[in-house]
Amino acid sequence: MGRVLVVGSYNQDLVWEVPELPAPGETRAGTAFRSGPGGKGFNQAVAAARLGAETTFIAAVGEDALADTAAALARAEGIEARWQRVPGQATGSAGLFVDGAGRNSIVVALGANAHLSVAHVEAQTGAFSGAAVVLAPLESPLPAIRAAMRLGRAAGAHTVLNPAPVPADLAAEALADVELLTPNETEFGLLLRQLADTTVDPAQLRELPNEALAALCARLPVPGVLVTLGEAGAFHAPGALGHGPATRAPAAAVKAIDTTGAGDAFNGALAAAWAEAPSAPVATLLPFASAAAGLSTEAAGAAPAMPRRAELRHRFGR
């Protein structure tokens, strides 16, 4: 299996379980509290590593106790972490509310994540040269992520951008080295509005026929687009720079209790599967990624909920 390189964020997650998500101005009593590692980048790195991929993680942390915790957690997962320690900044943190149906609301304080530098990313050239897949979410500065995509493409790796969250100033040129975009429904709607002057209702996307959804994907300036549709599965189609058929894959049959890290499980699993079979068409990787995402929702938390390969094999034969 080839190496997966994730460039992204580390956060310490603080999670409150509540019967229903609070409305603005409302105080609700929680039923449970827990704390653990998270951040989209770290979640995706853990997902890839637990599914068997050699994994390197590039991220920024503060000079505090949480940074030491992050380093210890990465070692425990077998992840080669390349940290940028940022003076005067706290390690990132996130507050999550999770309701009885597994839905969530999240507030993130990026802290040191907001200071990941181009220079630190570019200093890791050896890691890029051995990577089969370079994966990055967008909780880190866009210049650093653009550098990662550029270095990954130059090294011949597959470059996967998970546009979560979508920056308000994201422009088409920022995607110049991206091979595959992996938005969820909300992110896909924002990308279409910002990059293609197209307005869609994200809530209606999963109901669209394949032809209509593929036509929307074709408006984005990348070779491929993979839209995650929650319990409706995932959809892959060429972007404006690609060609080929569209494919829809169903979601895995699971009993979700917490969907917090499902998108990260999907992306990490996709990267691990592609690193294992670099010449495989993206469409053939969807069932594996969907199974990992589904299984992650049956456990509480973000990084701790990422499934292991043995669990996936036992449950879904993958």
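**Entry 1: helix α9**

I started with helix α9 and found it mostly covered, with ten of its eleven residues buried. Here buried means under 20% relative accessible area, exposed means over 50%, and partly exposed lies in between (1.4 Å probe, protein chains only). Helices are DSSP runs of H or I with at least four residues, strands are E runs of at least two, and both are numbered from the N terminus.

A note on the source: this is a predicted model, where local features need pLDDT of at least 70, side-chain atom pairs count only at pLDDT 80 or more, and totals for chains, interfaces and linings use all residues. Residues are numbered from 1 along each chain as its sequence is written, and side-chain values use heavy atoms, with hydrogens and water left out.

I listed the buried residues of α9: L286, F288, A289, S290, A291, A292, A293, G294, L295 and S296. What do they pack against? I found β11 (224-228), β12 (234-238), β13 (247-249), α8 (262-276) and α10.

**Entry 2: S290**

Next I picked out S290, which sits in α9 (residues 286-296). Is S290 buried or exposed? It is buried, because its relative accessible area is 7%. Setting aside neighbours within four places in sequence, I see S290 in contact with A234, P250, A252 and F266. Contact here means heavy atoms within 4.5 Å.

**Entry 3: α9 against α10**

Two packed helices are described by the angle between their axes and the distance between the axes. I looked up both: the axes of α9 and α10 (residues 309-316) come within 10 Å and cross at roughly 100°. The axes are lines fitted to C-alpha atoms, for helices over the stretch in contact, and angles run from 0 to 180 degrees between N-to-C directions. The two helices are therefore roughly perpendicular to each other. The cut-offs are 65 to 115 degrees for roughly perpendicular, under 35 for roughly parallel, over 145 for roughly antiparallel, and oblique for the rest.

On the α9 side, I noted F288, A291, A292 and L295 in this contact, and on the α10 side R309, E311, L312, R315 and F316. By class, that gives six nonpolar, no polar and three charged residues. Nonpolar covers Ala, Val, Leu, Ile, Met, Phe, Trp, Tyr, Cys and Pro, charged covers Asp, Glu, Lys and Arg, and the others, Gly among them, are polar.

**Entry 4: the sheet**

I then followed the strands. Nine of them form an open sheet with mixed pairing, in the order β5-β4-β1-β8-β9-β10-β11-β12-β13. Which strands stand at the edges? They are β5 (80-86) and β13, each with a single partner strand, so one side of each is left without a neighbour in the sheet. Two strands pair if DSSP finds at least two bridges between them.

For a parallel example, I took β1 (residues 3-7) and β4 (residues 54-62), which pair over five bridges. L5 stands opposite T56 in β4. Helix α8 lies across β1, β8 (131-137), β9 (158-162), β10 (180-181), β11 and β12, running at about 165° to β8.

**Entry 5**

β11 and β12 run antiparallel and are joined by five bridges, and G224 has P238 as its bridge partner. Their hairpin has five residues between the strands, and there G230 takes a positive phi near 60°. On to β13: β12 pairs with it in the antiparallel sense over three bridges, with A234 opposite A249.

**Entry 6: aromatic rings**

I ended with the rings, where a search of the whole structure finds six aromatic pairs. Rings of Phe, Tyr and Trp (its six-membered ring) pair if their centres lie within 6.5 Å; planes under 30 degrees apart are stacked, over 60 edge-to-face, and the rest tilted.

Y10 and W83 make an edge-to-face pair, 6.2 Å centre to centre with 90° between the planes. Y10 lies in the loop between β1 and β2 (11-17) and W83 in strand β5, 73 residues apart. Y10 counts as buried because its relative accessibility is 0%, and W83 counts as buried at 19%.

F57 and W83 also pair edge-to-face, at 5.7 Å centre to centre and 90° between the planes. F57 is in β4, 26 residues from W83. Ring pairs link Y10, F42, F57 and W83 into a cluster.
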